[in-house]
Amino acid sequence: MEKSKGYVIVASNKPNFYKYALNLIDSIRDFHEEANICLVTEERFIDDHGRELSDKVIFCDSHYRAKLWGMAKSPYDLTMYVDADMECEHEDIANVFDEIEDHDVVFSKLTDDRSYTYSEYYFDTPEGKQTFKLCGGVCLYDMSKPIVREFMWDWWILTRKQMSNEWWPQGYSESLKSWDQFSLWWLTEKGEKYKDLKIGIFDDDLSWNYYNALNWAITRPEGEIVLRHYSSGLNKDET
C-alpha cells in the first residue's frame, strides 16, 4: 500500500505563530495545491480561514515547544514538518518526499560556516566542547516505522522534561534547557536506543531551510530556495 504523505505545521503559545502558520500553508498551496496539510494549534486560535486551508486540525496545548508533540501526532506516514515562521518559494516543495530515500528521518544540518547566525552552537560538556549537528526547523520522517514513532515521542517528552527541570544531565549548561536542539542532540548522540536510527541530510539542505539571517554573498544553496526561514526579524512576542 502506498504511504500517505503530508505536511505538519504547528502554531502554539503566541497568536503570531498562528498567523505565520496560515501564511506558510497558503504559500505551500501556491506551489503544491493538492498537498495534505495538518495544522496543529490551540483551540483558542482556530478560525474559519485556518479550517479552510487545512485538511486536518489537531488541537494542542500552549507549550512553547508543542511543535514536537504535533510532530509525534502526525496523521501521515511520510511527514514533512515545517516551522511555522517559514514560507514556501518554489514548486520543488511537491518533491520533498523523495528526499526520504532509505532514511528514517531527514534534517537540515548545522555547520561551522553557518554558525554566525546561531544563538547557541558550541557548548561545553563533561567530555569536552561539542556542537549541535541537526536543525529541527524542518524534518522529513516516516511515521509508518515504529522506531520513528518512538523517536518523535521521546523527543517531545525529553524536551518537556528538560524545560520543566524534571531532567537535566550533570555538567551541561542550563542555558541549553530551552532548546529542542539539545534534546535532539542527546537522543541521537548519547543514547543507545537510537543508534540504528537512519538519519539523513536533505540534498542541498539550505534550499529546504534557508535562514533569512544568512549572508547571501557567502552562504547560499546550490539551487533555488524552496523554504525560507524567517526565524530572525519576526515578532514572536504578541500575547
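Colleague: Which residues line the second largest cavity, and what makes them lining residues?

Modeller: Lys133, Leu134, Gln181, Leu184, Trp185, Thr188 and Glu189. Lining residues have an atom within 4 Å of a cavity point, so each of these counts. The model is predicted: local features need pLDDT of at least 70 and side-chain atom pairs 80 or more, while totals for chains, interfaces and linings use all residues. Numbering starts from 1 along each chain as its sequence is written, and side-chain values use heavy atoms, without hydrogens or water.

Colleague: Why is this called a cavity?

Modeller: On a 1 Å grid over the protein atoms alone, a 1.4 Å probe fits at its points but cannot get out. The second largest cavity has a volume of about 40 Å³, the space filled by probe spheres set on the points, which are joined across faces, edges and corners.

Colleague: What is the volume of the largest cavity?

Modeller: About 70 Å³. Its lining includes Arg114, Tyr118, Asp205 and Tyr211.

Colleague: How do you know that β7 and β8 pair?

Modeller: Pairing takes at least two DSSP bridges; β7 (residues 122–125) and β8 (residues 128–131) have four, so they pair. They run antiparallel. Asp124 stands opposite Lys129 in β8. A hairpin joins β7 to β8 through two residues.

Note on methods: 1 Å grid on protein atoms, 1.4 Å probe; cavity = no way out; pocket = protein on both sides within 12 Å on 5 of 7 lines; lining within 4 Å.
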